[in-house]
Amino acid sequence: MTTSEPEAAQALDNMSGSTLARAGDVLPTTVHVLPITNRPFFPAQAIPLVLEREPWFRTVELAMGTPHKIVGLVLVRKDKATEVASQDFYTMGTACRIHKVVQNGDTLQIFVEGLQRFQIEQWLSDDRPFAVRARYFLETEVRETHDSKAYSVAIINTIKELLPLNPLYGEELKFFLTRFGPDEPSRLGDFAASLTTASKEELQDVLKTTDLEPRLEKVLLLLKKEVEIAKTQARISERVEEKINEQQRQFFLREQLKAIQKELGINKDDRTAEIEVFRARLLPLVLPPNAAKRVDEELQKMAVLEMGSPEYAVTRNYLDWLTLLPWGQYSSDKIDLKQARAVLDRDHDGLDDVKDRIIEFLAVGAMKGEVAGSILLLVGPPGVGKTSIGRSIATALGRKFYRFSVGGMRDEAEIKGHRRTYIGAMPGKFIQAIREVGVANPIIMLDEIDKIGSSFQGNPASALLEVLDPEQNVDFLDHYLDLRFDLSKVLFVCTANQLDTIPRPLLDRMEVIRLAGYITSEKLAIAKHHLLPKQMRKVGLKRGQLRIEDQAIREIIEGYAREAGVRNLEKKLGSIARKAVVAMINGKEPPIKVGPRNLEAYLDRPVFQPIKPLRGIGVITGLAWTPMGGAILDIEATRVHRASRGFKLTGQLGDVMRESAEIAYSYVSSHCKQYSCPEDFFDKASLHLHVPAGAIPKDGPSAGITIASALLSLARGKRVARPLAMTGEITLTGYVLPVGGIREKIIAARRVRIPEIIMPDSNRNDFEELPDNVRKGLVVHYVKHYRDVAALIFPD
């Protein structure tokens, strides 16, 4: 017999439960099953279930159509009931009687009562509606023993422990006792298991255990865990409540304190407290009249503004900056020349000429009584110690030190501040530095001043003109403060790699101190006294655990770190230190010794190969300056053919160097007879002049006499008999003009062991100012005219 779905739904709505089942009721062997996903259903339970109507309506309808109204509830492994298949069901479930069904839209609410365990013996329908052949485990067949009684008592006592911790357990216990007695251990065990928050796998394990005593043991274990969880939750709740109560207590006490203070007339609101803080900050300061007037005006404004208004926040921040600046607060200078020299010698090896210049500068300050109104510019290649020298000057003077980089800065507001009309406005870097150090006469270092930029937001280099001018910075105006602040007591130290990119008006305000590169002996001393101990401390090595021979350090300098500075040398020493740590951790006994023989095991093959100046007809070695230090240039000249006159230049030469080459060509070709060259050599020769390496751009006038000498050697067909190098600019009339970068060029010549150098006579003082260790062992010839150069390279 069949009915339509609406009629069946109406029939389900009208059905109500029958009388409660007794343990001995006869249960059917064929059972329709419903899946449950969260936790298994126990025989002692009686609760409503909510199901989706569409997939399970037919199953409920078939179960309700039977006389016994039995349905099986079986736990499934998947989280979604609508996606289950027969293989997803566990084998043990609970036979339940449906007492009532209520439809609510797309859901079915059924009230079920658990009766007996059953095991699925055979699937009669693998698709919805699912049906199985069931084997029951009747509770009447379970015999009570002394052990089961003991377990029952233990379970009841554990439930008593749970009751004070969670009142909800009391309601469930009352419901259980209305249906069963405490002398039914099987029902008691199932009920106790349903109370716990154990995982569905643990609860399913209890459900499938048919023997009473093992089942009660498992239930007791789950209950004990539940007690511990409940106790932990109670402790957490107690701590939270204590904190909340303490906060409430403090709140009430604060409110009472405010009420008492108000009654006594000593109450202060937040605004009054902040104004008093600002006034207390002003007591030790010496403000100029205009600044004092501005502060008073702002304090009066703050006293009448509403605390929640934006203007109040702006005024408060402004007063915060004004009162934190060290108006009239100066640190005393410790001008002790011997101590200053000791500090410089302690922090730096070599650089004697630079140290002398700094001592002279400090001596002038000692004579005047103060070191102020000066701007030092330290110029040199990377890694020669410009920044560390600035720190050493601050240490020698006993002044506060502040450093910031202006490299890449494109907004002049970084220098002079933002106007207060902008959101997030702040003072410029100099006012920030003054506030940070807390005195008005610190040493401020401006790093990378040659790399300062410009954009549509302004030119920071132009803004620096006011800051770095001793005649103007006494009244430096920051846009945020809108007040004059005296920067004339500040000692400014700037660093740069080159002077070409620094605007001339800015450069005129600075006293330039040049730091050239280090020679090998200086690098060796720096490595031993500073770099190696620093790297050993950085990796945790103690003194004596790593020993690097002097000759190994020399080979590192020559083969791996040939630049003017020592930055790359420090990196290589750091690499050796790290590998020494690895060797010690792997079991090698200290000290770790590094010498020339095993150096490549720590640093691989050398980056630089030994440089030997080229020699031959038409080849002359020149000296050049680069931002990385000095270098040698082997200038090569050759005759391509005799068909026509010509002169070709290669080697990425700049405009100035090309002009210098053309001047040298014109001079030598017009004085062939004077220098014993064939008079028609240049008239019939196509010449090619090349300056290696071709991938490196080159420019500057200092290769003039070198190019002329290469052309003269080619024209005479003779090579220079002895190793030498030269530098100097040549004119069309043959005069030799002075050039720059003498120290760097001399160091480059020493590096490749060239003992003889030709340079302009006008550079005599530049050479004689060099330290003795740089000049030692060199033969220098000073020339005024190219005739002197020709006489030196071709004495015959």
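Start by selecting Thr621, whose bridge partner in strand S20 is Ala725. The model is predicted, with local features requiring pLDDT of at least 70, side-chain atom pairs pLDDT 80 or more, and totals for chains, interfaces and linings using all residues. Residues are numbered from 1 along each chain as its sequence is written, and side-chain values use heavy atoms, without hydrogens and water.

S16 pairs with S20 (residues 725–726) in the parallel sense over two bridges; pairing requires at least two DSSP bridges. Six of the eight residues of S16 are buried, so the strand is largely enclosed by the rest of the structure. Buried means under 20% relative accessible area, exposed over 50%, and partly exposed in between (1.4 Å probe, protein chains only).

Move to helix H16, residues 460–467, where six of eight residues are buried. Those to select are Pro460, Ala461, Ala463, Leu464, Glu466 and Val467.

Now go to the surface and select Lys224, Lys231, Arg235, Arg239 and Lys243, a patch of positive charge. Patch residues have over 30% relative accessible area and no salt bridge, and like charges are joined within 9 Å; a salt bridge is a side-chain nitrogen of Lys or Arg within 4 Å of a carboxyl oxygen of Asp or Glu. Lys231 sits in helix H7 (residues 212–264) and is partly exposed at 33%.

Finally, select Asp655, Glu659, Glu662 and Asp699, a surface patch of negative charge. Asp655 belongs to helix H22 (residues 655–670) and is exposed, with a relative accessible area of 61%.

Technical notes:
Patch = residues over 30% accessible without salt bridge, like charges linked within 9 Å, V, L, I, M, F, W, Y side chains within 5 Å. Areas by Shrake-Rupley, 256 points an atom, 1.4 Å probe, with all protein chains shown as cover. Lys, Arg positive; Asp, Glu negative; His and termini not counted. Charge placed at Lys NZ, Arg CZ, Asp CG, Glu CD. Helix = DSSP H or I, 4+ residues; strand = E, 2+ residues; numbered from the N terminus.
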